Amino acid sequence: MLARRKLAAISVALGLVATSGAVAIADQPQGRGLSATIRYTEFGIPHIVANSHRDLGFGQGYAAATDNVCALADTMLTTSATRSKYLGGETAPKGILAQTPTNLASDLYYQGINDSGIVERLVAQQGKLGPAPEVRDAVAGYAAGVTQFLRENRITDPGCKGAAWLRPMTELDVYRHMYASGMAFGQGAAAAGIVNASAPASTVDLDLGSNAIAFGSSATATGKGISLANPHLPWHAPDLRLWQSHLTIPGKLNASGAAIVGLPLLWLGHTASMAWGGTAADTTRTFTLFELKLVPGSPTKYLVDGTPEAMTRRDITVTVAKPGGGTEKVTKPQWWTRYGPIVQKVGEQALPWTAETAFAFADANAQNIRMGNSTLRLMQARTSDEAMRGLKETQGLAWMNVFATDSRGDASYRQLHVVPNVTDARAAECNTELGKRSYADRGIAVFDGSRSNCGWGQDRDAVQPGTFGPDSLPVLSRPDYVENSNDSYWLTNPHQPITGFSRIFGTANASRSPRTRSALTAIEEQLAKGKFTREAVQDLMFANRNHLAELAVDDLVRLCRTMPADVKEACDTLSTWDKKHDVGSRGALLFDRFWAKLRTAVPSASQWKVPFDAANPVATPNTLNTDQPGVAKALTDAVAELRAAKIPINAPWGDYSYVVRNGERIPIGGAAGNLGVFNAVSGPWDPAKGYSEMQHGATYLHALSFNNSACPDSSTLMAYSQSMNPASPHYSDQTKLYSRKQWVTERFCEKDIMASPGLRVVEVRQR
């Protein structure tokens with residue numbers, strides 16, 4: 001009786017009416033500032049209710065700041081080009097929105113963007129090219145919510161408490177973050193080359209990845225859709241961190257999932273009847289290069305159809321803290337062309353600016369501010385068809401494949417994101433000699449910038465000029481399943497390979513990654529036994545199978561038995577290993593170190609006796625090529641490495657794969673995706689400590705099944721937990737669940753939210 005009275009009292013106090021799927025709240029009085037109601041359930045998951053998109057953004061921004069205010073403030077430092085002013089020019093940035101070795105290089109890159117006014121111009125656009133009205137409202141509310149939290153001075157995170165660089169958030173901050181996120185793996189990845197930095201561009205592990213599966217009616221026990229979302233992102237990048245929330249405007253919107261901290265709306269998640277996951281389209285290039293022929297004697301002029309055209313010089317000035325105190329101004333030039341900025345390095349490819357040649361970087365997302373439009377339509381969709389139609393109409397996703405399913409059991413995949421309109425025919429006509437090689441090898445076109453007819457093409461159904469329209473992008477709908485683990489579109493389902501797309505989208509009829517093969521193998525094995533349930537999807541997620549080990553270990557053990565006696569312990573360890581990366585698996589560490597040595601000792605084409613066969617792409621290549629001397633050497637070297645580090649050959653995986661949070665050591669299962677481990681998570685190897693911190697891998701997860709109820713059967717997990725604040729109770733609580741392969745039962749319907757034993761209600765208002 002007491003529990004019932006307590007819940008009733010909460011409902012009355014909030015003006016809430018309990019329903020099966022949404023909340024009703026009283027209208028906001030005239031003249032009152034923004035407001036929202038936040039109900040926290042287990043593990044600090046906020047359920048935010050508001051009357052409008054602006055109020056909802058306010059509540060979301062406030063709640064996001066409560067958990068991750070330092071991440072928000074750090075991102076604002078980056079996009080406002082003020083890192084050097086407060087943190088010094090030589091310090092390395094924390095995030096990945098500008099992959100530069102120093103704060104100074106990052107600031108020069110972002111100040112160049114800010115001086116150009118491009119974000120303001122894009123935001124000012126009306127119609128399909130600019131933010132939708134609801135997105136503008138959500139952005140305004142979000143900035144106000146973060147500012148309100150800062151105004152209340154509730155900061156407990158030692159990472160920024162009392163910092164001079166804390167300041168109110170503006171709408172422009174949000175849009176700058178949105179814009180930068182779109183170019184994070186295009187122009188942002190080349191930022192160091194654009195500002196003429198000579199050091200390597202990357203300061204973090206950028207092995208971006210994800211898994212996503214959408215199951216259809218013929219593959220599920222309920223005959224309805226099942227969704228698995230498993231994005232892989234950096235664990236310590238504040239500017240691309242995911243955070244879970246549930247957003248509701250009664251009668252208008254009801255969606256739950258994960259958003260990027262600093263941006264309103266949801267990136268991945270579900271509504272009452274549709275769920276979506278996504279993967280980074282790693283094999284698709286969202287940019288091209290243009291090779292410029294320079295005017296003899298004038299290295300800042302280039303020829304187009306024989307006519308000289310001057311580059312535009314932009315002198316970029318930033319403020320830098322001096323080591324002894326005070327600040328100074330640093331100015332460096334950047335050079336821009338009709339195609340984009342001059343760049344001198346992309347990845348490991350040097351692009352020297354000589355007296356004859358220079359290279360310009362053209363990023364399709366440099367004209368894209370529509371991410372919010374696309375994510376809003378996903379959050380509004382009731383079916384997978386509506387979700388895909390919304391993406392077709394908005395065309396705002398920057399680099400993400402989407403996998404949607406619904407309560408009818410319709411499963412669909414579409415690569416509906418911004419891609420330069422480069423057909424193979426255009427590439428054959430316009431690529432330079434460098435472009436011919438890089439296009440074949442990596443899908444990067446390098447067009448002849450001296451010819452005006454060598455620009456990007458145009459599709460009639462493309463919202464943005466120069467990009468592919470939706471009807472030219474890969475798509476597949478199936479009654480069983482669609483899956484992706486960051487390979488190209490080709491093997492989204494092995495029973496119906498997708499073909500006919502340009503090289504810029506990735507390869508077809510080519511070997512798939514071990515993680516892709518692992519996923520497809522596990523799915524097909526389960527379907528051979530029976531149909532999928534939500535629990536079966538969770539089991540697949542945390543099976544921690546090492547696909548390469550399943551292909552190679554038996555052959556490796558046979559080789560090992562012929563080797564000198566000092567590796568006998570290794571033979572015994574590998575022969576009894578379960579071929580998994582569970583925290584208690586013995587042999588996983590040895591194989592991990594063996595494969596790391598093998599990758600450098602034996603070329604990938606020589607590692608297997610049975611080569612890739614396009615007619616059998618999931619099962620090939622296979623059979624470890626033990627005839628290669630490098631195989632035995634790799635095993636010997638791995639054993640020697642572990643012994644030198646005084647690590648037992650049969651050490652449990654979790655003893656040397658872990659994170660430390662507030663002094664507590666948390667073992668981490670899963671392993672690097674290049675081993676064929678679906679539950680991909682990885683960090684740097686230190687022989688003195690092992691894998692003592694995760695840099696990249698599983699973040700937000702959901703395993704969701706639609707059923708005959710109005711409430712989806714859903715479990716979620718935030719692998720690195722909701723908060724980056726070590727003083728928060730939600731700093732590592734879900735990381736411990738991840739370690740134990742445990743999930744959080746999601747509370748989506750109102751009755752379940754109100755039944756939470758730890759329900760905590762916060763009313764937030766703008767003051």
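I started where two helices meet: L556, L559 and C560 in α15 touch V631, A632 and L635 in α18. I took contact to mean heavy atoms within 4.5 Å. My helices (H or I, at least four residues) and strands (E, at least two) are DSSP runs, numbered from the N terminus.

Before going on, I noted that this is a predicted model, where local features need pLDDT of at least 70 and side-chain atom pairs count only at pLDDT 80 or more, while totals for chains, interfaces and linings use all residues. Residues are numbered from 1 along each chain as its sequence is written, and side-chain values use heavy atoms, with hydrogens and water left out.

**Entry: how the two helices cross.** I looked up the axes of α15 (residues 547-560) and α18 (residues 629-644), which come within 11 Å and cross at roughly 85 degrees. That makes α15 roughly perpendicular to α18. For the label, angles under 35 degrees count as roughly parallel, over 145 as roughly antiparallel, 65 to 115 as roughly perpendicular and the rest as oblique. The axes are lines fitted to C-alpha atoms, for helices over the stretch in contact, and the angles run from 0 to 180 degrees between N-to-C directions.

Entry: I then checked α4 (residues 103-116), whose 14 residues reach 20 Å from the first C-alpha to the last, close to the 20 Å expected at 1.5 Å a residue. The expected span is 1.5 Å times one less than the number of residues. In α4, 13 of the 14 residues are buried; buried means under 20% relative accessible area, exposed over 50%, and partly exposed in between (1.4 Å probe, protein chains only). Just after α4, I found G117 with a positive phi of about 75 degrees.

Helix α9 (residues 371-380) has eight of its ten residues buried, so it is largely enclosed by the rest of the structure. Among the buried ones I listed M371, N373, L376 and M379.

**Entry: aromatic rings.** I found 26 aromatic pairs in the structure. Rings of Phe, Tyr and Trp (its six-membered ring) pair if their centres lie within 6.5 Å; planes under 30 degrees apart count as stacked, over 60 as edge-to-face and the rest as tilted. Why is the pair F290 and F447 edge-to-face? Its ring centres are 5.9 Å apart and its planes are at 90 degrees, so it gets that label. F290 sits in strand β11 (residues 287-295) and F447 in strand β21 (residues 446-448), 157 residues apart, and the pair links distant parts of the chain. F290 is buried at 3% relative accessible area, and F447 is buried at 0%.

I also noted a cluster in which ring pairs link W235, F542, Y720, Y738 and W743.

Entry: Most residues other than glycine have a negative phi, and most peptide bonds are trans. I still found F43 with a positive phi near 65 degrees. F43 lies in the loop between β3 (35-41) and β4 (45-49) and is partly exposed at 27%. N544 has a positive phi near 60 degrees, lies in the loop between α14 (534-541) and α15, and is buried at 4%. The peptide bond from T620 to P621 is cis, with omega near 0 degrees.
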